[in-house]
Amino acid sequence: MSDTPTTQPTAQPATDAPPPPRRFLALRQDIPQWQGLLYGALCIVLCMGVWWFVTRGESEQRILSYTVLPSPGETLAAFSSLWFDRALTRNTVATLWRVVLGFGLAAVVGIPLGVLCGCFSRVQAFFAPLSIFGRNIPVAALIPLTFSLFGIDEFQKVMLLFIASVAFVFSDTARAISDVSNQYIDTAYTLGANRRQVIMKVLVPLAMPSVFNSLRLLFGLAFGYIMLGELVTIGDTGGLGHIINVSMRRGPREHILLVLLIIPLVALAIDRLLFWVQRELFPHRYKGTGVLHHGMQALFHIWEDIACVLWRRPVQAPIAISQPPTTPASHHEPKQP
C-alpha cells in the first residue's frame with residue numbers, strides 16, 4: 001500500500017446548472033408590462049361582473065335593491081345629469097384647489113421643520129409629542145375643533161387639511177434626513193464644509209428623492225381627508241364631497257357611485273403626473289431623462305450668480321502686521337595683520 005494520503009475531491013459549484021423552473025406564482029418574479037395590464041383589466045372586469053350580477057333584473061328580483069345599489073347601466077346613464085346639472089367640473093376643481101392649498105401649506109411648514117428634526121436630536125425630541133399627536137388623532141375629531149377656530153368657510157377646510165397632514169410631512173422628512181449615511185457628513189467635514197453647508201449641500205439634496213416620494217404618497221391621503229371635510233359641512237360649499245352629501249339626502253343615488261368612481265381616476269392621474277415629475281427631478285434614483293433636473297440646476301446656478309453680484313462683499317486687503325525693524329548683526333571684518 002502506498003503511504004501517500006488520498007485527498008477527497010472538493011465539490012465544485014455547478015456552473016452550467018439549469019435555471020430554476022419559472023412558476024406561475026414564483027416569489028418576486030418580474031412579469032412583462034402587457035401581463036400587468038392584462039391582470040389589472042381582468043380585475044376590473046371581475047368587479048364589474050359582480051356588480052352587474054347582484055343588480056341584474058327588475059328591482060324586486062335583484063339581490064341588492066335599487067335603493068341599496070343601482071346597476072352599472074343605471075349609474076352610467078346618470079352621468080349626463082351629474083356633468084351638467086351638478087357642475088361636476090367646477091366641483092372637482094374646487095376640491096383639488098383645497099387640496100393644493102392645504103397640502104401645500106403642510107409641505108411649506110413640514111419640510112423645513114423635518115429637516116431641523118432630522119439634523120438636530122434635541123429639536124426632534126422637542127417636537128416628538130406633536131408628531132405623535134398629529135399622526136394618531138382621528139381626522140373626524142378635528143372637524144368640530146376647526147369649525148370653532150376657523151369658521152365654516154374655505155379657510156376651515158384648508159386648515160383641516162393642513163393640521164391633518166403636517167405631522168406626516170415633517171416626520172417623513174425627518175426620517176429621510178436621518179437615513180442619510182454619516183459617511184457623507186464625515187466626507188463633507190473633511191473637505192472643509194461648515195454645518196450650514198453640510199445641511200444644505202449634502203443632507204437636503206440626498207434626502208429630497210425620499211421626501212418627494214413621501215409627498216406624492218401623502219397627497220392621496222390628503223385627498224381622502226378633504227373628502228371627509230366636505231362631507232361634514234354647513235351650507236353649499238361645493239366640492240365632490242358636497243355632491244355626495246346632497247345625493248345621500250336628496251338623490252339620485254347614482255351620483256354617489258359616479259363620484260366614487262371619479263375620485264380614484266382623478267387621484268391616479270395626479271399620482272402619475274407627480275411620478276413623472278419625480279423621475280425627471282431625480283433621474284439618478286428613478287431612471288428618468290432628467291429634463292426637470294437639468295432645468296433646476298440651471299436656475300440654481302443663475303440664482304447663485306445673481307446672489308453673488310447683489311450680496312458680494314468687498315474683499316479687504318490683508319492687514320500688515322507691523323514688526324520692529326531688525327538690525328542686521330554687526331559683521332566684524334578680520335583685522336589685517
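Before anything else, a contact here means heavy atoms within 4.5 Å. Keep that in mind, as I'll be using it a lot.

So, what are we looking at? This is a predicted model, where local features need pLDDT of at least 70, side-chain atom pairs count only at pLDDT 80 or more, and totals for chains, interfaces and linings use all residues. Residues are numbered from 1 along each chain as its sequence is written, and side-chain values use heavy atoms, with hydrogens and water left out.

Okay, the overall picture. The protein chain has 13 helices and zero strands. Helices here are DSSP runs of H or I with at least four residues, strands are runs of E with at least two, and both are numbered from the N terminus. Of the 337 residues in the chain, 33% are buried; buried is under 20% relative accessible area, exposed is over 50%, and partly exposed is in between, using a 1.4 Å probe and protein chains only. And if you take contacts between residues at least 6 apart in sequence, 64% of them join residues at least 24 apart.

Let's start with A78. It sits in the loop between helix 2 (72–77) and helix 3 (79–84). Buried or exposed? A78 counts as buried, because its relative accessibility is 11%. Leaving out residues up to four places away in sequence, A78 touches E254, H255 and L258. Take L258: A78 is 180 residues from it along the chain, yet their C-alpha atoms are separated by 8.4 Å.

Now step along into helix 3, where you'll find L82. With 0% relative accessibility, L82 counts as buried too. What does L82 touch, again skipping residues up to four places away? The list is A87, L88, I243, H255, L258, V259 and I262. L82 and H255 are 173 residues apart in sequence, but 6.4 Å apart C-alpha to C-alpha.

A87 from that list is worth a quick look. It lies in the loop between helix 3 and helix 4, and it has a positive phi of about 55 degrees although it is not a glycine.

That takes us to helix 4, residues 88–119.

Next, who packs on helix 4? Helix 9 does, at an angle of about 145 degrees, with the axes 8 Å apart. Those axes are lines fitted to C-alpha atoms, for helices over the stretch in contact, and angles run from 0 to 180 degrees between N-to-C directions. Among the residues making the contact are V99, F103 and A107 of helix 4 and L215, L218 and F219 of helix 9. By class, the residues of this contact divide into 18 nonpolar, one polar and two charged. Nonpolar covers Ala, Val, Leu, Ile, Met, Phe, Trp, Tyr, Cys and Pro, charged is Asp, Glu, Lys and Arg, and the others, Gly among them, are polar.

Last one: helix 8 (182–190) and helix 9 (195–231), whose axes come within 10 Å and cross at roughly 145 degrees. Y184, I185, A188 and Y189 in helix 8 meet R195, V198, V202, L203 and L206 in helix 9. That contact has eight nonpolar, no polar and one charged residues.

Technical notes. Expected span 1.5 Å × (residues − 1).
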